[in-house]
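Please prepare a briefing on this protein for a reader who is new to it.

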Amino acid sequence: HKFGIRLPNTVKEALEIDRDTGTTLWRDTIEKEMKNIKVAFEFNDKDIIPVGHKRIKIHLVFDVKMFTLQRKARLVADGYMTEPPKDMTYATVVSRESVRLSFLAAALNNLNMLSADIQNAYLEAQTCEKLWAWAGKEFGSNESRPMRIVRALYGLKSSGKMFRDTLARTIRYDLGFQNCLADRDVWMRAATKKNGFKYWEYILCYVDDILVISENPSDVMTELSKVYTFKKGSIKEPDQYLGAQVVKFH
């Protein structure tokens, strides 16, 4: 139980709880998760097991959100069943010191800031691991069919790095930013204010958390939103996002 709510361990148990309580709360969150994650799997018409791919297990993890008591479900891969990839799997994140210095730069140059969370971030990246799994009850009519894993599922050893590399390519080639030499998760692009003042605008990345510093950060967010979907209501000013200790630079 969590916050007085019974947490299921399987899809079958989740549906039983709904039946016992006369609700569809768990069913609704399962359907929402499966709708978002279906892009991570590839079926073939003949149900042929992919050659050269290793079989792993996948399962739903259930949780309850604090305050709202919203039911949550996340499909994850049992990454412990895979061999460590030959390539590096480490994914860097922006440092605390870089965030502080960026806030200082924003204050000195009278810039604005916006932060946002990318929705289902890992699913934006292709996986580099050759894996397949049997579809479970949560896949509905596709239950018991073999499927190839084609996206970076949560739980896989390489998923963090694959998403980081995907996001980096977008920021570099689609938006024209470049890495800071001191911190590779601080991205910079030369810009000019309406009054002619030249400055640098920044994007700071911490996995799927994005912080944009610019005269018009919403313009940069709009560019990113052409490629990624942001969580509903996640685009906020930093004083809303980080709390009252952050100075509002407006």
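This is a predicted model: local features need pLDDT of at least 70, side-chain atom pairs count only at pLDDT 80 or more; totals for chains, interfaces and linings use all residues.

Residues are numbered from 1 along each chain as its sequence is written, and side-chain values use heavy atoms, with hydrogens and water left out.

**Overall make-up**

- The protein contains six helices and 11 strands; helices (H or I, at least four residues) and strands (E, at least two) are DSSP runs, numbered from the N terminus.
- The C-alpha trace spans about 60 × 45 × 30 Å along its principal axes.
- Of the 250 residues, 46% count as buried. Buried means under 20% relative accessible area, exposed means over 50%, and partly exposed lies in between (1.4 Å probe, protein chains only).
- Among contacts with a separation of 6 or more, 66% come from residues 24 or more positions apart; a contact means heavy atoms within 4.5 Å.

**Aromatic rings**

- Rings of Phe, Tyr and Trp (its six-membered ring) pair if their centres lie within 6.5 Å; planes under 30 degrees apart count as stacked, over 60 as edge-to-face and the rest as tilted.
- The count under this rule is six aromatic pairs.
- W26 and F62 form an edge-to-face pair, because their ring centres are 5.5 Å apart and their planes stand at 90°.
- Since W26 belongs to helix α2 (residues 25–37) and F62 to strand β3 (residues 58–64), this pair ties together parts that are 36 residues apart in sequence.
- W26 counts as buried at 1% relative accessibility, and F62 is buried with a relative accessible area of 7%.
- Y122 and F163 form a tilted pair, because their ring centres are 6.1 Å apart and their planes are at 40°.
- Y122 lies in the loop between β5 (112–117) and β6 (126–134) and F163 in helix α4 (residues 159–174), so this pair ties together parts that are 41 residues apart in sequence.
- Both Y122 and F163 are buried.
- F41, F43 and F139 are linked into a cluster by ring pairs.

**Charges over rings**

- A charge sits over a ring if NZ of Lys or CZ of Arg is within 6 Å of the ring centre and within 35 degrees of the ring normal.
- The charged end of R71 sits over the ring of W26, 5.9 Å from its centre.
- The charged end of R74 sits over the ring of Y154, 4.2 Å from its centre.

**The largest pocket**

- On a 1 Å grid over the protein atoms alone, a pocket is an open set of points where a 1.4 Å probe fits, with protein on both sides within 12 Å along at least five of seven lines; lining residues have an atom within 4 Å of a point.
- The largest pocket has a volume of about 650 Å³, where volume is the space filled by probe spheres set on the grid points, which are joined across faces, edges and corners.
- This pocket is lined by 24 residues, of which K32, K65, K72, R74 and K231 are the closest to its centre.
- At least two lining residues come from each of α2, β3 and β4 (71–77).
- The lining divides into five nonpolar, seven polar and 12 charged residues. Here Ala, Val, Leu, Ile, Met, Phe, Trp, Tyr, Cys and Pro count as nonpolar, Asp, Glu, Lys and Arg as charged, and the others, Gly among them, as polar.

**Positive phi angles**

- Most residues other than glycine have a negative phi.
- D47 has a positive phi, near 55°, and lies in the loop between β1 (41–42) and β2 (54–55). D47 counts as partly exposed at 31% relative accessibility.
- S144 also has a positive phi, near 75°, and lies in the loop between β6 and β7 (146–151). S144 counts as exposed at 51% relative accessibility.

**Two further residues**

- T166 is in helix α4 and counts as buried at 13% relative accessibility.
- Not counting residues up to four places away in sequence, T166 touches E124, A125 and Y228.
- T166 and Q126 are 40 residues apart in sequence and 8.4 Å apart in space, C-alpha to C-alpha.
- M81 is in the loop between β4 and α3 (96–108) and is partly exposed, with a relative accessible area of 25%.
- Not counting residues up to four places away in sequence, M81 touches K54, R55, I56 and K57.
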